[in-house]
Each structure stands twice: as C-alpha cells, then as structure tokens.
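My entries follow in the order I made them.

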Amino acid sequence: MVVEALVKIGEHRGIFVPLEAIHRDFEARPFVFVAQGNPQKSMERRIELGALIGERVLILKGIEPGDAVIVRGMVQNDELVKPAEEAASGDEAADAGAKL
C-alpha cells in the first residue's frame, strides 16, 4: 500500500520571488535586479536567501515590499527597462525586454 501525504512543516511569511529572478556573481553571492527611477533603470541588489518553496524563493534581506524585481530578460546594471505591461502595449513585442 502506498500513501501520499502533504505535511505542513512551517509557515513562511515575507517576500517571495520566482527562482528565475535570482542571479549569482562570480563568488556565488545572490542578487536580483530591480527597476528604479524615472525613467526606470535596472539596479543590482544583493540579497539574502531563505527557504525555497516550489519555484519561489523567500528573500530575507535586500528588497522591500513594492520593489519591482525584474524576473525575465537579459539585463545589465544601470540599463533602461520597460515593465511587461508597457512593452506589451508599445511598439516592441512583450518578449523583447525585461519583465518585472
């Protein structure tokens, strides 16, 4: 007989970001890119990682609620970015730019 069970082992509260938003530098230190300013530019933020829950990672330090974390796209530090909603309604295809 085989039994499958889902056991709750704890509760996590905080900021979760998709795993694909996490980058690592040459020393394996984690960071994310956030969109800041007007016009919006990508800014590298060092973070401290917490638990991995499915495809999302708990961020313990480095970003705050409301920060626009860039999830997809090829981005470098201090590069102009366009939120996905704006890219989809503009002349460029939504897949062309960074996604927030």
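**Charged pairs**

I looked up Arg 29 and found it partly exposed, at 40% relative accessibility; buried means under 20% relative accessible area, exposed over 50%, and partly exposed in between, with a 1.4 Å probe and protein chains only. I note that this is a predicted model, in which local features need pLDDT of at least 70, side-chain atom pairs count only at pLDDT 80 or more, and totals for chains, interfaces and linings use all residues. Residues are numbered from 1 along each chain as its sequence is written, and side-chain values use heavy atoms, with hydrogens and water left out.

I checked the partner of Arg 29: its side chain meets that of Asp 25 in a salt bridge of 2.7 Å, N to O. A salt bridge here is a side-chain nitrogen of Lys or Arg within 4 Å of a carboxyl oxygen of Asp or Glu. Asp 25 counts as buried, because its relative accessibility is 17%.

I then took Glu 44 and Arg 46, which form a salt bridge with the closest N and O atoms 3.1 Å apart. Glu 44 is partly exposed at 33%, and Arg 46 is partly exposed at 38%.

I also looked up Lys 61 and Glu 48, whose side chains meet in a salt bridge at 3.8 Å, N to O. This pair links distant parts of the chain, with Lys 61 in strand 6 and Glu 48 in strand 5 (residues 48-53), 13 residues apart; strands (E, at least two residues) and helices (H or I, at least four) are DSSP runs numbered from the N terminus. Lys 61 is exposed at 54%, while Glu 48 is partly exposed at 35%.

Which residues do shared partners join into one salt-bridge network? I listed Asp 25, Glu 27, Arg 29, Glu 44 and Arg 46. The count of salt bridges comes to 7.

**Cores**

I looked up the largest nonpolar core and found 11 residues, among them Val 17, Ile 22, Val 34, Ile 59 and Val 69. Such a core is a set of buried Ala, Val, Leu, Ile, Met, Phe, Trp, Tyr and Cys residues joined through side-chain atoms within 4.5 Å. Strand 3 (30-36) and strand 6 (56-61) each supply at least two residues of this core. Another core, of 6 residues, lies apart from it and includes Phe 31 and Ile 70.

**A loop residue**

I ended with Lys 82, in the loop between strand 7 (68-69) and helix 1 (84-89). Lys 82 is partly exposed at 35%. Lys 82 and Ser 42 are 40 residues apart in sequence and 9.6 Å apart in space, C-alpha to C-alpha.
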